[in-house]
Amino acid sequence: PERMMLNRLKITLSALGYLEYTPQLEKYSLGTGVLALSHSYMKSHDVVTIARPLMRELAQYTESAVMLGAADGLRMVLLEVCPGDNTFQLKLEPGARVPHGSTALGRADLAVRPEHVFRQRLVELEQECLPGYWPKIRTGIVRAREDYENLGFCFSLGDWNPDVFAVGVPMASADRSRVLAFNCSGRVSVMTREKLLRDFGPKLVALRNSVYEMTEGRF
């Protein structure tokens, strides 16, 4: 009975476009309907609606890409992407998933997690990481947590993409049940560490604070 129910569920999800079956591999994969569903969710999401105009303003000021994301396992899924410079293309759109350990977005998420959750994430990320890469990634994550405690934001200075410098800021809900993160990513020639530290980082914190106040921490 359970097998029959599972098969019926697969057929239903396939009919809706949420699953696609590949005969050669005899496997199911996510269909385009999932992407459409996620776009509908993101469009109606209060945080995205509230944050979008503020993100666009900061993107134009910094001539960079300002993003909003949420953790999805050991990745960050992008909820919104606002480009501030048409010549700077990261080729990332809402729904894309980026690494947790090497991006400013993922490090910001990790930085605000409770100690026991943070330690567990480190274990999980190490297990997933390719041999030889973990020491550098772990150092970046730990430093980002320290930077967040001392500065209120954290960095990824060419760690994910050698041509990109970024700053990230977490936003935890009032009941601490959910964490979102903002980041500001741009080409190295524009996003110097000093500029991130003195200007763009504090402005990203101000953006986060504004969104938090407008949502009253409920998201």
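User: Leaving aside neighbours within four places in sequence, what is Asp147 in contact with?

Analyst: Once those neighbours are set aside, Asp147 is in contact with Gly152, Phe153, Cys154 and Phe155, where contact means heavy atoms within 4.5 Å. This is a predicted model, in which local features need pLDDT of at least 70 and side-chain atom pairs count only at pLDDT 80 or more, while totals for chains, interfaces and linings use all residues. Residues are numbered from 1 along each chain as its sequence is written, and side-chain values use heavy atoms, with hydrogens and water left out.

User: Which helix does Asp147 lie in?

Analyst: Asp147 belongs to helix 6, which covers residues 134-151; helices (H or I, at least four residues) and strands (E, at least two) are DSSP runs numbered from the N terminus.

User: And is Asp147 buried or exposed?

Analyst: Asp147 is buried, a word that stands for under 20% relative accessible area, with exposed being over 50% and partly exposed in between (1.4 Å probe, protein chains only). Asp147 has no salt bridge, and the nearest side chain of opposite charge, that of Arg193, is 4.8 Å away. Lys and Arg count as positive and Asp and Glu as negative, while His and the chain ends are not counted; a salt bridge needs a side-chain nitrogen of Lys or Arg within 4 Å of a carboxyl oxygen of Asp or Glu.

User: How many salt bridges does the structure hold?

Analyst: There are 12 salt bridges in the structure, and one of them joins the side chains of Arg52 and Glu80, at 2.3 Å from N to O. Arg52 sits in helix 3 (residues 46-62) and Glu80 in strand 4 (residues 75-83), so this pair ties together parts that are 28 residues apart in sequence. Glu80 counts as buried, with 8% relative accessibility.

User: What about Arg97, which residue does it form a salt bridge with?

Analyst: Its partner is Asp72, and the closest N and O atoms are 3.1 Å apart. Because Arg97 is in strand 5 (residues 97-99) and Asp72 in strand 3 (residues 65-72), the pair ties together parts 25 residues apart in sequence. Arg97 is partly exposed at 47%, and Asp72 is partly exposed at 35%.

User: Where do Arg75 and Glu128 lie?

Analyst: Arg75 is in strand 4 and Glu128 in helix 5, 53 residues apart, and the pair links distant parts of the chain; their side chains meet in a salt bridge of 2.7 Å, N to O.

User: Changing topic, how many helices and strands does the protein have?

Analyst: The protein has seven helices and eight strands, and buried residues make up 42% of its 219 residues.
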